[in-house]
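Subject: Structure handover

Hi,

Here is the structure I promised to pass on to you. Have a look at it first, and my notes follow below.

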Amino acid sequence: MSSSSGVISTVIVIVMVLVIMIVIGLRRRAEAIRNNAHLSEFLTTTMDKFLHDMAKEKPIRFTSQQLRIATDNFTNLLGSGGFGAVYKGVFNNETTVAVKVLNGTSDKRIEQQFMAEVGTIGRVHHFNLVRLYGFCFERNLRALVYEYMMNGSLDKFLFGEQKILLGFEKLHEIAIATAKGIAYLHEECQHRIIHYDIKPGNILLDANFFPKVADFGLAKLCNRENTHVTMTGGRGTPGYAAPELWMPYPVTHKCDVYSFGMLLFEIIGRRRNLDTELPESQEWFPRWVWSNIENGDLGQLMEVCKIDDKNRETTERTIKTALWCVQYRPELRPLMSMVVKMLEGAVEIPAPSNPFGHLLVETQIPNNSIFANTTWTESKSTSDLTESKLICATPEIEAACSSA
Ligand SMILES: Nc1ncnc2c1ncn2[C@@H]1O[C@H](COP(=O)(O)OP(=O)(O)O)[C@@H](O)[C@H]1O
Ligand SMILES: [Mg+2]
């Protein structure tokens, strides 16, 4: 009797242990399932957010009807340029935009190419680049929808009636920030973007006068008319276009560096580089600047440009940077990231050589120039720009030279 009750109690204990183990096992499984559910819920939310963000990055496709409503039937003209006219618009009473209506008609055959280019431009984000929100590609309307830049383009503040509004320091900040925007296009984008049309009209200012570079990526998208040079495939604006854009030489990102240099001269002078109203020696500002540097005295320049003496060092730095940027040989021009450092005073700037020498005398530009090894130059250039005859960089410069 006692042995059978011992067996029963042992069996009961074993059964109880088994039951407890099963219960614990089931609980653990339930907990694991619950944790997995949380994890997958978490992953789904993150994924949704990611996809949503991705969608936001993608430029939006608008219908012509939507743009017509937003722009009040294209009534508020902000300006017009080589690509077409730009109108102010508002979406949902809250987001102000600039709608650029592109010249020409939409051809269905180029729709894919258009969308691919717009897709690339729309994904380029930098504080100093104007944001592309979206586009329209319909038979009757091809347009780009940009973030609205309240203070318009820089030319107004350099040459227009609002010339005195921005002081020397602010203009210097604008030059540095613009250089940062271009450096991003050249050096940080997955695929390098060459702007081809850097000029004051394409530097836009927001409500706080922070500059953003506009129209990048457009050279690939459109053929320009009127104001733009058509000789070599429709790139660049006279006065800012690098010499290689006018000649049968390879064109690289260094053509933007050249245009930026021309812009720097205009920032220093607060005048258009070419002004035929001025005394002959000052007609073409960059060469007059060079003659001042060559004489080693910036006094007259500071006076003519109405620059305060406290800004002498920054002026000299900016001028030297501009002279390096407009060097005739592209490989002598610095990279834009180096231009930023030069303008910020973070590097010592060596004395530039005369960028306009080839305009005046028959020159053999030495291949082993002492400047060719300057720290910012890249490895050997793809082009051989050695010249043995007189070359005038652009028709505009040629005109300025022949009158001097
Ligand atoms: N995003 C924008 N926000 C505000 N104004 C703009 C914008 N884009 C262009 N504009 C204005 O429209 C004018 C014409 O622009 P555009 O067609 O690019 O010609 P361009 O670059 O040759 O001056 C600019 O000079 C500027 O005043
Ligand atoms: Mg523009």
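I'll start with a pair of helices: helix 10 and helix 11 are roughly antiparallel to each other, because angles over 145 degrees count as such and their axes cross at roughly 160°. Please keep in mind that this is a predicted model. The axes of helix 10 (residues 312-325) and helix 11 (residues 336-344) come within 8 Å, and the crossing is right-handed. On the helix 10 side, the residues in this contact are Arg 317, Thr 318, Thr 321 and Cys 325; they meet Val 339, Met 342 and Leu 343 of helix 11. Sorted by class, this contact holds four nonpolar residues, two polar ones and one charged one.

Helix 10 has another partner in helix 7 (residues 254-269), with the two axes 7 Å apart and an angle of about 150°. Helix 7 and helix 10 are therefore roughly antiparallel as well, and their crossing is left-handed. From helix 7, the contact takes in Val 257, Tyr 258, Phe 260, Gly 261, Leu 264, Phe 265 and Ile 268. Facing them in helix 10 are Thr 315, Thr 318, Ile 319, Thr 321, Ala 322 and Cys 325. The class count here is nine nonpolar, four polar and no charged residues. If you compare the two lists for helix 10, you will find Thr 318, Thr 321 and Cys 325 in the contact with helix 11 and again in the contact with helix 7.

Helix 11 also packs against helix 5 (residues 168-188), at an angle of about 160° and with the axes 8 Å apart. That makes helix 5 roughly antiparallel to helix 11, and the crossing is left-handed. Helix 5 brings Ala 175, Ile 176, Ala 179, Lys 180, Ile 182, Ala 183, His 186 and Glu 187 to the contact, while helix 11 brings Met 336, Ser 337, Val 339, Val 340, Leu 343 and Glu 344. By class, that is nine nonpolar, two polar and three charged residues. Val 339 and Leu 343 of helix 11 are listed in this contact and also in the one with helix 10.

Six of them form an open sheet with mixed pairing, in the order 1-5-6-4-3-2. Strand 1 (60-61) and strand 2 are the edge strands, each pairing on one side only. Strand 2 (residues 77-80) pairs with strand 3 (residues 84-91) in the antiparallel sense, over three bridges, and the two form a hairpin with three residues between them. Within this pairing, Leu 77 has Tyr 87 of strand 3 as its bridge partner, and Gly 79 stands opposite Val 86.

Which residues come nearest to ligand 1? Of the 20 residues around ligand 1, they are Gly 79, Gly 81, Ala 98, Met 149 and Gly 201. Strand 2 gives the largest share of this shell, with three residues, and strand 2 and strand 4 (95-102) each supply at least two. The shell around ligand 1 has 10 nonpolar, eight polar and two charged residues.

Best wishes

Terms used: Residues numbered from 1 in each chain as written. Chains lettered and ligands numbered in written order. Predicted model: local features only at pLDDT ≥ 70, side-chain atom pairs only at ≥ 80, totals over all residues. Axes fitted to C-alpha atoms, helices over the stretch in contact; angles between N-to-C directions. Helix = DSSP H or I, 4+ residues; strand = E, 2+ residues; numbered from the N terminus. Parallel < 35°, antiparallel > 145°, perpendicular 65-115°, else oblique. Left-handed = near helix turned anticlockwise from the far one by under 90°. Contact = placed C-beta atoms within 7 Å. Nonpolar A, V, L, I, M, F, W, Y, C, P; charged D, E, K, R; others polar. Pairing = 2+ DSSP bridges. Near = placed C-beta within 6 Å.
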